[in-house]
Amino acid sequence: MKTEIPIHTPFIKLDALLKFAGLCATGGEAKIRITQGEVTVGGQVCTQRGKKIYPGDTVCLQGREIEVTACD
């Protein structure tokens, strides 16, 4: 099941997205999960916490999948 997360900016950094979407409780937790290779972006493992995520991108952590959408 995919959850849509709308953003008001052109992009959001991966660590901020995980916190914003509620997949991680803190930025520190997001950093750890990203650097340990637990997060995928578009189906590929991503270890860059500052990676820019754009509308249309799909991020997955522990079986929870989110799709970033543009907010009108």
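# Strands, salt bridges and cysteines

Q: What is the relative accessible area of K2?
A: K2 counts as partly exposed, a class between buried (under 20% relative accessible area) and exposed (over 50%), taken with a 1.4 Å probe on protein chains only. The model is predicted, and local features need pLDDT of at least 70, side-chain atom pairs count only at pLDDT 80 or more, and totals for chains, interfaces and linings use all residues. Residues are numbered from 1 along each chain as its sequence is written, and side-chain values use heavy atoms, with hydrogens and water left out. The relative accessible area of K2 is 42%.

Q: Which residue meets the side chain of K2 in a salt bridge?
A: A salt bridge requires a side-chain nitrogen of Lys or Arg within 4 Å of a carboxyl oxygen of Asp or Glu. The partner of K2 lies in strand β7, 65 residues apart from K2 in strand β1, and the pair links distant parts of the chain. With 3.9 Å from N to O, the partner is E67.

Q: Which residue in β7 stands opposite K2?
A: Strand β1 (residues 2-7) and strand β7 (residues 64-70) run parallel and are joined by six bridges; strands are DSSP runs of E with at least two residues, helices are runs of H or I with at least four, and both are numbered from the N terminus. Two strands pair if DSSP finds at least two bridges between them. E67, the salt-bridge partner of K2, stands opposite T58. The residue opposite K2 is E65.

Q: Which residue in the turn between β6 and β7 has a positive phi?
A: Strand β6 (residues 58-61) pairs with β7 over four bridges in the antiparallel sense. The two strands form a hairpin with two residues between them. The phi in question is about 50°, and the residue is Q62.

Q: Which strands stand at the edges of the sheet?
A: The sheet is open, holds five strands and has mixed pairing, in the order β1-β7-β6-β3-β4. Each edge strand has a single partner strand, so one side of each is left without a neighbour in the sheet. The edge strands are β1 and β4 (44-45).

Q: Which residue in β6 stands opposite T40?
A: Strand β3 (residues 39-41) pairs with β6 over three bridges. The sense of this pairing is antiparallel. Opposite T40 stands C60.

Q: How many disulfides does the structure hold, and why is C60 in none?
A: A disulfide is a pair of cysteine sulfur atoms within 2.5 Å. C60 has none because its sulfur is 12 Å from the closest cysteine sulfur, in C24, too far for a bond. For C46, which is buried at 6% relative accessible area, the nearest cysteine sulfur is that of C60, 13 Å away. The number of disulfides found is zero.

Q: Which residues are linked in a network of salt bridges?
A: R33 and E29 lie four residues apart in helix α2 (residues 27-35), about one turn of the helix, and their closest N and O atoms are 2.9 Å apart. R33 also forms a salt bridge with E38, at 2.7 Å from N to O. R33 counts as buried at 18% relative accessibility, whereas E38 is partly exposed at 29% and E29 at 24%. The linked residues are E29, R33 and E38.

Q: How far apart in space are L23 and I66, C-alpha to C-alpha?
A: L23 lies in the loop between α1 (14-20) and α2 and is buried, with a relative accessible area of 10%. Not counting residues up to four places away in sequence, L23 touches L18, E29, L61, R64 and I66, where contact means heavy atoms within 4.5 Å. L23 and I66 are 43 residues apart in sequence. Their distance in space is 9.4 Å.

Q: The charged end of which residue sits over the ring of F11?
A: A charge sits over a ring if NZ of Lys or CZ of Arg is within 6 Å of the ring centre and within 35 degrees of the ring normal. Here the charged end is 4.7 Å from the centre of the F11 ring. The residue is K52.
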